[in-house]
Amino acid sequence: MAYGAVISLTQTIERLLKSSRIPIVIKPSPRIIKHLYEEIRSLQEVLEELDSSINIDRERVNALDGQIRDALWEFEDFLESHISNQFLSQSPSERRQPLTFSMRDVRRDIESFTTTVKKLKKAYVDELHNRLLEPPEEDGIDAVKSTIDLGVNKEAFFDLLEKVKHYLYSDKGIRTVALYGMAGIGKTTLAKKVYEDPLNTDYYFEFCVFVTVGPRYQLKEILKCILAQVDPDHDYYTKQMLMEGDDEVLSEYVYESLRDTSYFIVLDDVWDIQVWHDLEGSFPRDVDSESLFLLTTRLRGVAESCFRGYAIEMPFLDKGESWSLLEDKAFSQNEFCPPQIKDAGRNIAENCEGLPLLIVAVAQLLSGIDKTSECWNKVAEEKESMFMDANDQTVSKVLFPSYEYLPQHLKSLFLYMGVFPQNYEIRLSKIIKWWSGEGFPEPFQNKTSESSALEFLNELASRNVVKVHKRSTDDKGIKSYGLHSSFRYLSNKEAGKNKFFYNLNVCADGLAEGLKGQRRLCIRNNVLFAIKDVYNSIMSASTVCSLLCPGPHHPYPVPICLEYLRLLRVLDALTIRFYEFPKKVLNLVHLRYLAFTFNRQLPASISKLWNLRCLIILQNLTIIKADGNSSYMPIKIWNLQELEHLQIMGSNLPKPRNGSLLPNLLALVDVSAQSCTKDAFKRIPNLQKLGIRIVLALGNAGQQYLLCLNHISDLRELKTLKCVVVNPEITSEVVSPHARLSVFPKSLVKLTLSGLGCPWKEIRKISSLPNLRVLKLRCYAFRGPKWKVGRDEFQALRFLLIEDADLVHLAFTDNDYVGFENLSCLSIKHCYKLKKIPVHFCFALEKIELVDCNPRAVACAKKARDNNWAHYYCGFAFAIDVQSSWDNEDVKSTIPF
């Protein structure tokens, strides 16, 4: 946690040095601040050394890490409190002027802190260099081994076992298969089943070796383990050599022992591909040798880096497989599951989310309780207690190394994901905004904060500590993530221990001692704000920098305690409805992320929050007015120079004054058509995302509102555009629009249109956009019975969605021409009139999705699948996904080549 704290403090100091709102006075002040900055950067480099340190006493290192973390947090709070106090001491008229940061009051504190940092840094370096002579003894991290016996009678497990054997035994020469997946998913069990196959020693190999590597491996110990299984009866001289010899001697002995033989070596629980590289020279590389390697690892990167290897991802169990395993482990061989508890058992198994280790751990606990419907229904309904016991006793101990051995820059990011409720779909856009508001992750290699965060999230996913929930429509990225409940439990446990965040679910949580000193509060029940004792406890948590309310929506106002939370950087209260603007927010000068639900006009004093990067104000949908009656944001919104994301539903962007400019604004969402003026767009030159929300007055069937699109071309950096008519009036007559759709900027990558009602011929005006990869057409965006796609149109398009349209015939202009050259997915939803789609598509197409469409369109899709024989020759799968609300079952089919 010290690493996250040092990144946060570094960015605070950088803002202090660069800010025009807080000029540093007294000549030596900049020099003192810069010296402090250099000392903090030096500490950061030292903390990063942990990632490459082996054979160290982690318990002592973690204790020092906690001391460093507390010192950094305390000093950062001191700096920001000093700024906040100066701000609050000013009169309203003085607050228009920049603050002055005088060193007279803080110089001694800075010098004292610098001295403390030097001492802690030296102690940390000494501990990292204090290598243990012997491998560390097994502790709580390594003592519990994930050995899940799924049994080969399980169909899914048997199929996977046969797949591994196929890859191992099908080719000649040295082969490698790597199994990867989340901890506890059954990798070691599967590897042991392959290893213990009698055919290995009877027919295939002279030597079979099984070695557990682990995260704290020593090459010498691995080589000894291999030799002990290859040559267990070595003489006294050899034994002495094994005890005293170095890695090179042992490696040569292994090589000689395996030369001219066939061997099968299993390397279980590999954490670093360097292990594989270190061992390669120990194994003979005879191309005619029938020798195999099987690796298991939690890390996808390790699995995909193996020599001549196949990487196989271990899947989670489905509902049926989960219940089968639970039933198998909860009852002895002579027992049968009573029919009256089967439904409860299936619910319990489903709550394990397909993780075999958790299923087995819960099954062991279930085996000790009465096999009655009353007991099992209680477990199914009140699952928290038993699942907590299963996680505490078994699962968390197996999962913990996945967290403990994360690189320093990923630990805080992983813990942060635990603030969301269980089974929550964590949207990439939301988590990145929160992280940015907090000041991490630190951008690297000249990348933006968003690009860095995305890369780090993908790294967490490749390490199988977070799950990919939903991929973006063009399959080029990830849209949302999730945490398995067991990892979420671990995250919450470690976060509380390290004062990273604290959860408030019930009244007792708000009265607990654990709330003191926490950096973040996560309110999962908004009613708690209305309880006086809880309210007072929250007020006392003055060190809180984030107040998050990710629980269910609360339709009534509750008092949020902001008066004493002056260090807040992130306030997300979208799930709470405010009748009046919370004026205490205006004292939160460090606030960078602000989001809540508020129906009235935003006050001009919002400009006091000059650190704001993200401002989101939503309204209750029941009171949203037509665009002609909507209000305007205050003119001082143009003073928020740090703004990167602006979303204020139901308000127009005010006309800018001379000199107004928002150079950092990247996203402008939910603005009305009146806001999209040429003058306004010139003031936001770096905008990358624009969302236009048009609410029509009753009976307004004209299309003058589309004139807002005429100035889109002024946004040269625009990549994503969404234009939605919320309440379109669909008439029988199709008329040409007044807007010039052809002036969209060439930079556009993703375009979503809804409710425009343009004729299909107008779509040609956007068909030549060179970078357009995603096109979503919803709710009669275009109208008419026929859309013909011509040559050289939509050449870059990869994803096309047509939803709720009166289209009857989708065709290409030329029968010999195959359109959409790069399209990988075609999704058509609720197009009941559609009868015909092309039966010949380009080679790139991988999937056709049809939801509630005419059966004749489904028949065309199946014919298109049958006609695409190019997929057969290249070994690709062409998938058709047909979902119908009027059939009993959805139809999903794939051509498996």
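**Burial, packing and cores**

A: Let us begin with a single residue of this predicted model: N464 has a relative accessible area of 13% and is therefore buried, the cut-off being under 20%. N464 is found in the loop between helix 20 and strand 9 (467–471).

Q: Which residues does N464 touch, not counting residues up to four places away in sequence?

A: N464 touches Y180, G181, M182, R298, R300, E313 and F487 on that count. For R298, the backbone oxygen lies 2.8 Å from a polar atom of the N464 side chain.

Q: How is the packing of two helices described?

A: One gives the angle between their axes and the distance between the axes. Here, helix 18 (residues 408–416) packs on helix 20 (residues 449–462) at an angle of about 85°, and their axes are 10 Å apart. Helix 18 is therefore roughly perpendicular to helix 20. Helix 18 contributes H409, L410, L413 and F414 to the contact, and helix 20 contributes F456, E459 and L460. By class, these residues are five nonpolar, one polar and one charged.

Q: Where do nonpolar side chains tend to lie in soluble globular proteins, buried or exposed?

A: They tend to be buried together. In this model, the largest nonpolar core has 128 residues, and V362, F414 and L460 have the most contacts inside it. Helix 3 (residues 58–89) supplies the largest share of this core, nine residues. L460 touches L406, L410, L413, F414, M417, V465 and V466, leaving aside residues up to four places away in sequence. A second, separate core of 114 residues includes V544, I694, L706 and C723.

Conventions. Residues numbered from 1 in each chain as written. Predicted model: local features only at pLDDT ≥ 70, side-chain atom pairs only at ≥ 80, totals over all residues. Heavy atoms only, no water. Axes fitted to C-alpha atoms, helices over the stretch in contact; angles between N-to-C directions. Helix = DSSP H or I, 4+ residues; strand = E, 2+ residues; numbered from the N terminus. Parallel < 35°, antiparallel > 145°, perpendicular 65-115°, else oblique. Contact = heavy atoms within 4.5 Å. Nonpolar A, V, L, I, M, F, W, Y, C, P; charged D, E, K, R; others polar. Core = buried A, V, L, I, M, F, W, Y, C linked by side-chain atoms within 4.5 Å. Buried < 20%, exposed > 50% of the residue type's maximum accessible area, 1.4 Å probe, protein only. Polar contact = N/O pair within 3.5 Å; in protein donor to acceptor, adjacent residues only side chain to side chain.
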